[in-house]
Amino acid sequence: MGTTENVDAVRRLEAAYGAREYDTVRSILAADVACHTPGSDMMPPAVDGCIAANEGGFTAYPDKVTEVLDIFGEGDRVVSHVRMTGTNQGGLPWMGIEPNGNAIDTDWIQISRHAGDGTILETWAQMDTPKMLVQLGAMPAPEGM
Amino acid sequence: MATPQDNAATCRELIQRVMNEGDIAFAEKILAESFVDHSPMPGSAGDKASAISMFTMMREQTPDMHIDIDDVIADGNKVAVRSTMTGTDTNGFMQGMPPTGKPFSMGAIDVMTFDEGGMNTEHYGVYDIMGAMGQLGLLPPPPEAS
């Protein structure tokens with residue numbers, strides 16, 4: 001199995017999102033990639049939605065940086081743990097959040113399913129959204145924090 | 001030496017026995033004394049004792065809780081589990097939240113690290129807390145855009 005190639009594809013995808021190199025993104029994601037991330041039903045379908053989500057991130061946080069903290073795979077699937085940092089200079093209008101200069105530091109875990117040539121066919125991700133909303137001042141800190 | 005398949009089987013057993021059946025003693029047996037939770041509940045120490053307390057508390061908050069395993073990926077000393085937790089919000093979704101009595105379904109991805117003897121040494125995870133709170137009507141309304 002091409003686990004090494006699949007891991008490499010995820011690393012190249014994260015780098016391409018960071019550099020906003022969307023030809024590279026489209027070469028790694030299948031055109032009809034199925035994304036099972038909470039909130040993806042609010043985005044355009046497939047690869048266009050992935051690019052729109054990344055652009056939305058740069059609109060909110062123009063200095064957005066991601067870092068792959070952990071990555072491994074088995075068979076046709078890869079697990080990646082990614083940290084995202086940035087500064088809220090653009091706001092998240094759909095959540096009623098104004099630009100406020102707050103720093104965010106959050107993370108997500110993604111599982112991707114790959115074709116034999118490494119192309120990503122399907123993704124499942126969970127992002128630590130509550131942590132980000134607390135950092136943005138949009139949600140009260142939970143008890144004990 | 002515990003193989004990735006052994007560790008994957010341990011994760012399945014941990015979820016079934018501890019979370020679905022309430023057999024907290026199995027967690028006592030499988031979590032290493034040096035266990036570190038890198039994504040502990042707010043205010044929690046993230047050690048073995050606090051992880052065991054969290055398992056107990058989750059069972060108390062949602063007595064009918066059930067976790068279905070959707071996928072398991074094991075490589076080296078790590079195992080990722082993608083799962084869906086369902087249950088009825090009986091005693092409060094989180095500490096300090098009023099019980100709603102409503103059913104909820106929450107997606108999760110957890111990653112566990114094991115030592116050579118097959119003991120669980122580390123954990124991190126991310127949960128669709130916003131999705132579940134939305135189903136329970138617990139999300140604060142977005143602030144007014146001025």
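Residues are numbered from 1 along each chain as its sequence is written, while chains are lettered from A and ligands numbered from 1 in the order in which they are written. The predictor puts the complex at an ipTM of 0.94 and a pTM of 0.95.

**Confidence**
- Chain B averages a pLDDT of 94, with 96% of its residues at 70 or more; pLDDT is the predictor's confidence in each residue, from 0 to 100.
- Where pLDDT is low, the predicted coordinates should not be read in detail.

**Chain B sheet**
- Chain B has an open sheet of 5 strands in the order 1-5-4-3-2, with mixed pairing. Strands (E, at least two residues) and helices (H or I, at least four) are DSSP runs numbered from the N terminus, and two strands pair if DSSP finds at least two bridges between them.
- Strand 1 (31-37) and strand 2 of chain B sit at the edges with a single partner strand each, so one side of each has no neighbour in the sheet.
- From one strand to the next, the twist averages 25°. Angles run from 0 to 180 degrees between N-to-C directions, and axes are lines fitted to C-alpha atoms, for helices over the stretch in contact.
- Strand 2 (residues 66-75) and strand 3 (residues 78-88) of chain B pair antiparallel over 9 bridges, and Ile67(B) stands opposite Met85(B) in strand 3 of chain B.
- Those two strands make a hairpin with 2 residues between them, and Gly76(B) in the turn has a positive phi of about 60°.
- Strand 3 and strand 4 of chain B also run antiparallel, joined by 11 bridges; Val79(B) has Met112(B) in strand 4 of chain B as its bridge partner.
- Helix 1 (residues 4-20) of chain B packs on the sheet, touching strands 2, 3 and 4 of chain B, and its direction makes about 165° with that of strand 2 of chain B.

**Chain A sheet**
- Chain A also has an open sheet of 5 strands, in the order 1-5-4-3-2 with mixed pairing. Its edge strands are strand 1 (29-35) and strand 2 (65-74), each pairing on one side only.
- Strand 1 of chain A runs parallel to strand 5 (residues 120-127) of chain A, with 3 bridges; Leu29(A) is bridged to Ile120(A).

**Cores**
- The largest nonpolar core holds 49 residues, and those with the most contacts inside it include Leu13(A), Val79(A), Cys11(B) and Val72(B). Such a core is a set of buried Ala, Val, Leu, Ile, Met, Phe, Trp, Tyr and Cys residues joined through C-beta atoms within 7 Å.
- A second, separate core has 9 residues, among them Ala60(A) and Met132(A).
- Tyr22(A) is partly exposed because 17 other C-beta atoms lie within 10 Å; buried takes 20 or more within 10 Å, exposed 12 or fewer, and partly exposed is in between, with C-beta atoms placed from the backbone.

**Interface**
- The contact takes 30 residues from chain B and 28 residues from chain A, counting residues whose C-beta atoms, placed from the backbone, lie within 7 Å.
- On the chain B side, the elements supplying at least two residues each include strand 4 (103-114) and helix 4 (129-135).

Technical notes:
This is a predicted model: local features need pLDDT of at least 70, side-chain atom pairs count only at pLDDT 80 or more; totals for chains, interfaces and linings use all residues. Two residues are in contact if their C-beta atoms, placed from the backbone, lie within 7 Å.
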